Amino acid sequence: MTNSRPEIDLDELVLKYRPVVSFRVRKALGGATPDWEDVADEIITQAIEKIKNGEFRGESSIGTFIYTITSRRIVDHIRQKMRVLRHAPEPSAYPDPHETVESRERAEQIAEAIKGLKPKFREVLYLYYFKEMPREEVARRLGIPPRRVSERVNYALKLIKKGLKK
Amino acid sequence: MTECKYDGLIDRYLLNRLEEGDRNEFEEHYFNCASCFAKMVERDQVIGVLKRERSVFATEERPAIEARTAAWHDRVFAFFTPKQWALAGAAAALLVAVLTVTPLLRDTPPEFVMNGEETVRGGSLTLISPIIDIKTVPAYFEWKKLGEDVEYQVSIYNGKLLWKTSTTDNTVSLPDDIKSRMIAGQRYSWQVKAFSKQGTLIAVSSRVQFTVNPAN
């Protein structure tokens, strides 16, 4: 009997999917939720066990397989919390109490890059991301077509990226 | 990094603007697409900094952006400072008050003192012709009629009383002898007083001056 199970490098899998799972969990639970890292660890462990047990048969991509485990675990976690809290924790947008020194430095570099932008780019970033205005509203306020808003945002992001590489 | 069809969903996902179906689809996608995930993480870092590090928008810059990009009604209000708006409001209120009150004051009937004792009220009496300098001696004098049963007393002066007559009509013709006494270049004035049937003074016109000036 031939074993048709796909060969998977588990070390590589952890390296590749841990950030993705962590991002998804943090986005769903909010960075302020203290146990989001535990949930992410549990998901990775669960995925490895399932693969070892032959539950991943290659019917879907490994990404979809892990995504499914992640989504179910998040739902379970929220249900457990709801029993205690009555309400699931609201996913907060961008709190980051677990910020590492490395990510702090990165954030400072990004902040410097943003400060170095021309006012017209900071202006569009302010309205679009900080004020969270829809593209059409930003366009109306700036008196430019919506397409130009996207162009300015994208160009500003490119400039920030370029500034980080220096 | 190649452009992916999900690329446009990154912002909407990070800003929580996707419907549940689209959100699930996009989440499954970035579990399979390293390119989109990398882009999303980069974008998330930038948005995170924009959200947390308010200092990236200088303190004086934020209100400036707000003012510059405000909606049209906000722009109208931002055009003046609150103090200027207050002054403009006060000026507008004053103007309205003046425009409202002035006609009321104008319509107040004049008071006439009769024999130093009796006071009667009356309306204004408007002279029609002549009211400016004229080329020939006027054939008639005309004023605005006040009503029925009103007697008008017309007086023409050339420094002193030249002629005086009464009529119930609102015009009067000059007698030939008076016409002959009016000379070019001389300044004249005329006035009409209106009396009721009972002989009570009810209105007085202003005294209007005119010059007979054939040269004109």
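Among contacts in chain A between residues at least 6 apart in sequence, what percentage join residues at least 24 apart? In this predicted model, the figure is 63%. Chain A has 7 helices and 0 strands, and its elements, taken from the N terminus on, run α-α-α-α-α-α-α. Of the 166 residues of this chain, 26% count as buried.

Helix H5 of chain A spans residues 119-130. Its buried residues are A:Arg122, A:Glu123, A:Val124, A:Leu125, A:Tyr126, A:Leu127, A:Tyr128 and A:Tyr129. Just after H5(A), the residue A:Glu132 takes a positive phi of about 55 degrees.

The next topic is the contact between the two chains. Chain A contributes 30 residues to this contact, and chain B contributes 24 residues. On the side of chain A that touches chain B, the elements giving two or more residues are helix H1 (10-29), helix H3 (62-85), helix H4 (101-115), H5, helix H6 (135-142) and helix H7 (146-165) of chain A. Which of these elements gives the most? The answer is H5(A), with 7 residues. By residue type, the side of chain A that touches chain B comprises 18 nonpolar, 3 polar and 9 charged residues.

H5(A) also meets a particular helix of the partner chain. The axis of H5(A) and that of helix H3 (residues 34-52) of chain B come within 10 Å and cross at roughly 95 degrees. An angle of 65 to 115 degrees counts as roughly perpendicular, and therefore H5(A) is roughly perpendicular to H3(B). From H5(A), the residues that make the contact are A:Leu125, A:Tyr129 and A:Phe130, while H3(B) supplies B:Ile47, B:Leu50 and B:Lys51. These residues divide into 5 nonpolar, no polar and 1 charged. Two of the residues named on the side of H5(A), A:Leu125 and A:Tyr129, are also among the buried residues of that helix.

Chain B also contains strands. Strands of a sheet pair through backbone hydrogen bonds, either parallel or antiparallel. An open sheet of 3 strands in chain B has the order S4-S5-S8, with antiparallel pairing. Why is one side of S4 and of S8 left without a neighbour in the sheet? Strand S4 (127-129) and strand S8 (171-173) of chain B stand at the edges and each has a single partner strand, so one side of each lacks a neighbour there. On average, neighbouring strands of this sheet are turned by 25 degrees against each other, direction ignored. S4(B) is joined by 2 bridges to strand S5 (residues 140-143) of chain B, and B:Leu127 has B:Trp143 in S5(B) as its bridge partner.

S9(B) pairs with strand S6 (residues 151-157) of chain B in the antiparallel sense over 7 bridges, and here B:Val154 stands opposite B:Val192. Strand S11 (residues 208-211) of chain B pairs with S9(B) in the antiparallel sense over 4 bridges, with B:Ser189 opposite B:Gln209. Strand S10 (residues 201-205) of chain B also pairs with S9(B) in the antiparallel sense, over 3 bridges; B:Val204 in S10(B) is the bridge partner of B:Lys193. The hairpin of S9(B) and S10(B) has 5 residues between the strands, and within this hairpin B:Gly199 takes a positive phi near 85 degrees.

Finally, S9(B) has two faces. The covered face consists of B:Tyr188, B:Trp190, B:Val192 and B:Ala194, whereas B:Arg187, B:Ser189, B:Gln191, B:Lys193 and B:Phe195 form the uncovered one.

Key: Residues are numbered from 1 along each chain as its sequence is written. Chains are lettered from A and ligands numbered from 1 in the order in which they are written. This is a predicted model: local features need pLDDT of at least 70, side-chain atom pairs count only at pLDDT 80 or more; totals for chains, interfaces and linings use all residues. Two strands pair if DSSP finds at least two bridges between them. Axes are lines fitted to C-alpha atoms, for helices over the stretch in contact, and angles run from 0 to 180 degrees between N-to-C directions. Angles under 35 degrees count as roughly parallel, over 145 as roughly antiparallel, 65 to 115 as roughly perpendicular and the rest as oblique. Two residues are in contact if their C-beta atoms, placed from the backbone, lie within 7 Å. Ala, Val, Leu, Ile, Met, Phe, Trp, Tyr, Cys and Pro count as nonpolar, Asp, Glu, Lys and Arg as charged, and the others, Gly among them, as polar. A residue is buried if 20 or more other C-beta atoms lie within 10 Å of its own, exposed if 12 or fewer, and partly exposed in between; C-beta atoms are placed from the backbone.
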